[in-house]
Structures are given as structure tokens and as C-alpha cells.
Amino acid sequence: MARWAPDTRERLRAAAMELFAERGFEATTVPDIVERAGVTRRTFFRHFGDKREVFFGDDEIPRLADQMLAAAPADVPPFAIAWSGFQTLAAERFEPRRREMAAARRVIESEPALRERDLQKQADLRAVLTEGYRARGVDALRARVVAGVAVDLLQTALEQWAADTVGTPLVEHLERVRREMADVLA
């Protein structure tokens, strides 16, 4: 396969995930990944800053959340904006990549450095939502709490979905987690 093939990024990601599953994250090197993918080391670094970026390099969710907040009508409640966006992401972005994402979750959960990075990505999303809510006129405390609850519900649903061996769609996990938390808070 040519190094400049349009699917290079995905080949690198697939090779890395296979190796992480076989050898573990720490034991897998960038040279291992590029050899498996059939590309050069330089090509790897054109797509990813380091091997951790295989998991987090294309995380565009905060950017999408920012766009979603800007586009939402003024009368839509803050939580409803996030929740609608999460449902769309679940159906369009996550569900088609279920196997890959479940494998990635297993690796992330087994590596402290990756868990730390995952928590930072969650914090980044919370910050974008909080800032977006504030820009819409929501008071600071409410913006922070709504953003935190929304992101925590998303994360809980994602973890349950990744561990689900039955194949329940992510949108169903999202709704179940939301229902259960509504009962707790009632």
C-alpha cells in the first residue's frame, strides 16, 4: 500500500489498536505501529503527535459542542442542547465505530496515562459547554453544574455501552442513564 493512500490515518489507527490489544500500550512503539501499517515514521508523525494521539488526536467533540451551542435557538434549555448533540453523536459517530471504540476503552482503562488524558478531554468538553452556556446568558453556577452533569452522563453511558456485550445502542444507554439519574435527583 502506498504511503500517501487516503486511508493512511485509519490504517495507522487500526495497526496501533491491534498492537495495543496484542502487546499492551506501553510495550507498543511507534516503529511497531508504522511497520504494521506499512508507512514511514515520518508519516505517523504527520497524523499523530505521539501514540496517545491515536486515541485522542481527532477528538472534535468540544469543537462540535461549541458549534451546536452557537447554532441552538435561544429558547432551548442548556441541558437539552447538550443532550440532543450527544444523541446525534451517539447515532452518527459512535455507533458505527462501536468495536473500535470498545477496544479503545479497554486500553484506556488499563493505562493510567491514557485515563488521565481521557479525563482531560472530558474536562475540555465541560469547559466548552460551560462557556457556551454562559455566552447564552446562563448564570455561572447553573452553567457549570449542567455541563458537568451532561458530560458525566455521557461518560457513564459510553463506558456502559463499551462494556455491553448484547449490542444495545448507545442512544439507549444514554436514555437509561438519564432516566436513572432523574430518579436519583427527584
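Here are some questions and answers about the predicted model shown above.

Q: What should I know about how this model is read and numbered?
A: Residues are numbered from 1 along each chain as its sequence is written, and side-chain values use heavy atoms, leaving out hydrogens and water. In this predicted model, local features need pLDDT of at least 70, side-chain atom pairs count only at pLDDT 80 or more, and totals for chains, interfaces and linings use all residues.

Q: How many helices and strands does the protein have?
A: Helices (H or I, at least four residues) and strands (E, at least two) are DSSP runs, numbered from the N terminus. Reading from the N terminus, the elements go α-α-α-α-α-α-α-α-α-α. The tally is ten helices and zero strands.

Q: What share of the residues in the protein is buried?
A: Buried means under 20% relative accessible area, exposed means over 50%, and partly exposed is in between (1.4 Å probe, protein chains only). The C-alpha atoms fill a box of roughly 55 × 35 × 25 Å along the principal axes. Of the 186 residues, the buried part is 41%.

Q: Among contacts between residues at least 6 apart in sequence, what share joins residues at least 24 apart?
A: A contact here is a pair of residues with heavy atoms within 4.5 Å. Count those between residues at least 6 apart in sequence, and the share joining residues at least 24 apart is 66%.

Q: What does helix α8 reach from its first C-alpha to its last?
A: Helix α8 takes in residues 112-135, which is 24 residues.

Q: Is Arg-105 buried or exposed?
A: Arg-105 sits in helix α7. Setting aside neighbours within four places in sequence, Arg-105 is in contact with Asp-118, Gln-155, Glu-159 and Ala-162. Its relative accessible area is 12%, so Arg-105 counts as buried.

Q: Which side chain makes a polar contact with the side chain of Gln-155?
A: Gln-155 is in helix α9, and it is buried at a relative accessible area of 9%. A polar contact is a pair of N or O atoms within 3.5 Å; within protein, one must be able to donate a hydrogen and the other to accept it, and residues adjacent in sequence count only if both atoms are side-chain atoms. Not counting residues up to four places away in sequence, Gln-155 touches Arg-105, Asp-118 and Gln-122. The polar contact, at 3.4 Å, is with the side chain of Gln-122.

Q: Which residue has a side-chain oxygen that reaches the backbone nitrogen of Leu-141?
A: Look at the start of α9. There, a side-chain oxygen comes to within 3.3 Å of the backbone nitrogen of Leu-141, and it belongs to Asp-139.

Q: How far apart in space are Ala-113 and Glu-26?
A: Ala-113 is in helix α8 and is partly exposed, with a relative accessible area of 35%. Along the sequence, Ala-113 and Glu-26 are 87 residues apart. From C-alpha to C-alpha, the distance is 10.0 Å.

Notes
The expected span of a helix is 1.5 Å times one less than its number of residues.
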